[in-house]
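Okay, thanks for making time, everyone.

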Amino acid sequence: MTRNDIFAVAEKLMNDAAIAEKSAEVSALLNLADFSFFDAPIIGFAAADDPIFEQMKQPHIIGSHYVTPAQWLEGAKTVISIFVPYSAAVRKANAVCPKGEIAPQYIYAKNVTQPYLEKLADALYAAITAEGFSAVVPSRESDRMKAAVITPDGSRLQYTSGWSERHAAYACGLGTFGISGALITPKGTAGRYVSLVTDMPLPADERPYTDPYENCTMCGACVARCPGGAITLENKKDKAKCSAFVNTTKEIYAPLYGCAKCQCGVPCANGIPKK
Ligand code: SF4
Ligand code: SF4
């Protein structure tokens, strides 16, 4: 199996999903017969023994609870990261609606894309294991994903993830972080990620950056867009403030929720902004 075979599996799934999404109840609900929720995915590859994964265990990056590719899978050779960007129509809808409001197109895109991601990961898993190799989809391993860590104030234990899709994408050359916490890729920031760890050897991508924030111009547009006051140029994103605002969106959309105003209508929304 080659990298091109991986792209072919993803392309086929995307076509199947495009058909499925047109018949989705949610499309009828929003009168969106010709509306697409997402664009073609981009895919990056990293060597599983790339030192960058061990660096993720440093406290200022993720922490000692980070699970490296070698810990996910004995003999791991490759990490594959896939980014599925939301469509331009979704990004535009969430960009033009008022600051405190979240576009239903975005909320439903977030919901519709998740099963597609799971199918995509399952299809790649099946294609890899059919060739006699092993693979793990970290997001499908909910028990192994979960790690108990002490809160920053030392008062209690909280559960957090031992894997990060955005950090995997960074390692695989898909993009760098913005102060909004999103990854700035050639296809923008708004979308969903999934990844696999496998012992199948595949050539790694060269990361076209050295600084974790290289693609962010520090323009501050996401600061002004954030309805939760959760982003500052000095301290970047305050996760607690972000979660507090995102939770308020359940008042309208429960059980769904979401925001991503910092990823739509900003210079990094559609690609890597020019400095
Ligand atoms: S809007 Fe500007 S400051 Fe915010 S993440 Fe994007 S490039 Fe960086
Ligand atoms: S998701 Fe919403 S609340 Fe959270 S940082 Fe982005 S704009 Fe702010």
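So, what percentage of the 275 residues in the chain do buried residues make up? They make up 39%; buried here is 20 or more other C-beta atoms within 10 Å of a residue's own, exposed is 12 or fewer, partly exposed is in between, and the C-beta atoms are placed from the backbone. Now the housekeeping: this is a predicted model, so local features need pLDDT of at least 70 and side-chain atom pairs count only at pLDDT 80 or more, while totals for chains, interfaces and linings use all residues. Residues are numbered from 1 along each chain as its sequence is written, and chains are lettered from A and ligands numbered from 1 in the order in which they are written.

The chain has eleven helices and ten strands, taken as DSSP runs numbered from the N terminus: H or I of at least four residues for helices, E of at least two for strands. Take the contacts between residues at least 6 apart in sequence: 73% of them join residues at least 24 apart. A contact is two C-beta atoms, placed from the backbone, within 7 Å.

Let's go to helix α5, residues 88–96. Its buried residues are V90, R91, A93 and N94. Looking down the axis of α5, these fall within an arc of 160°, so they line one face of the helix; the arc is that of the directions from the helix axis to the C-beta atoms. As a reminder, an α-helix has 3.6 residues a turn, so residues three or four places apart point the same way.

What do those buried residues of α5 pack against? That would be α6, 104–129. The two helices pack at an angle of about 135°, with axes 7 Å apart. The axes are lines fitted to C-alpha atoms over the stretch in contact, and angles run from 0 to 180 degrees between N-to-C directions. α5 and α6 are therefore oblique to each other, since under 35 degrees counts as roughly parallel, over 145 as roughly antiparallel, 65 to 115 as roughly perpendicular, and the rest as oblique. On the α5 side we have A89, V90, A93 and N94, meeting Q105, Y106 and A109 in α6. By class, that contact has five nonpolar, two polar and no charged residues. Nonpolar is Ala, Val, Leu, Ile, Met, Phe, Trp, Tyr, Cys and Pro; charged is Asp, Glu, Lys and Arg; the others, Gly among them, are polar.

On to the ligands. Ligand 1 has 14 residues around it, the closest being G178, C216, C219, C222 and C268; to count, a residue's C-beta atom, placed from the backbone, lies within 6 Å. That shell is ten nonpolar, four polar and no charged. Ligand 2 has 15 residues around it, with C226, G228, C242, C259 and C262 nearest, and its shell splits into ten nonpolar, two polar and three charged. Helix α10, residues 239–248, gives the largest share of that shell, three residues.

K241 also lies in α10. It touches G228, G229 and A230, leaving out residues up to four places away in sequence.

M218, in the loop between β8 (191–198) and α9 (221–225), has a positive phi of about 60° without being a glycine. M218 is exposed, with 11 other C-beta atoms within 10 Å. And the peptide bond from A254 to P255 is cis, with omega near 10°.
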